[in-house]
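I opened this notebook page to record what I looked up in one protein structure. The entries follow the order of my reading.

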Amino acid sequence: MSTLRLGDKAPNFDAETSEGKINFYDFLGDSWGILFSHPADYTPVCTTELGAAAKYRDEFEKRNVKVMALSVDGVESHKDWIKDINETQNTTVNFPIIADEDRKVADLYDMIHPNADNTLTVRSVYVIAPDKTIKLMITYPASTGRNFDELLRVIDSLQLTAYKKVATPANWKSGEDVVISPSVNNEEAKKLFPKGFKEVKPYLRMTPQPE
């Protein structure tokens, strides 16, 4: 099995989920997507994460992002666990959870790391663009819960930089100044960035975030 890298096509798959049988590409349609894995059902950190993902639904929808989770347990287990998540996290899980009992999807996406655990998935996150290419991969150990504010920040950056000739600096948040891509010369920059720009160094030019 080859390792997935940024820019690769996200593998398509059919899977049973807590919301019925789903084809991944059909589910995503023209949206951006987040696919994230969980070590197992009824685990404490995952319970908080799935609750957090559900609470961020409006933020994901604003950005045209669809969410799908994965765990190596079965559909019935997922459905019972969702009741616990809804109760303890005071939310309603509003996205499908893949039942990956045969680890087919976990293997496709390299979510099993044998030196960490032979049977459970690590906390992998994939952000997938509408053209089905992988734009972001983050892997956390099973013991560390994910930061969903960071996922939103990264998606804001990915969506901005996909369509504008800019990059986002360290700790950037939507609305803050951005960096002009080095491939754009100053003459082009004047046309592309009517709000103007500040040349800190010839290779470091800052401009207000384009609309």
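This is a predicted model: local features need pLDDT of at least 70, side-chain atom pairs count only at pLDDT 80 or more; totals for chains, interfaces and linings use all residues.

Residues are numbered from 1 along each chain as its sequence is written, and side-chain values use heavy atoms, with hydrogens and water left out.

Overall composition. I found seven helices and 11 strands in the protein; these are DSSP runs numbered from the N terminus (helices: H or I, at least four residues; strands: E, at least two). Along the principal axes, the C-alpha atoms fill a box of roughly 60 × 40 × 30 Å.

Burial and surface. I looked up the buried share (under 20% relative accessible area, 1.4 Å probe, protein chains only) and recorded 47% of the 211 residues.

Contacts. I took contact to mean heavy atoms within 4.5 Å. Of the contacts between residues at least 6 apart in sequence, 64% join residues at least 24 apart.

I traced an open, antiparallel sheet of four strands in the order S8-S9-S11-S10. Its edge strands, S8 (166-167) and S10 (198-201), each pair on one side only; pairing requires at least two DSSP bridges between two strands. I then checked S9 (residues 178-180) against S11 (residues 204-207) and found antiparallel pairing over two bridges. Val179 stands opposite Met206 in S11.

Definitions and conventions:
Buried means under 20% relative accessible area, exposed over 50%, partly exposed in between (1.4 Å probe, protein chains only).
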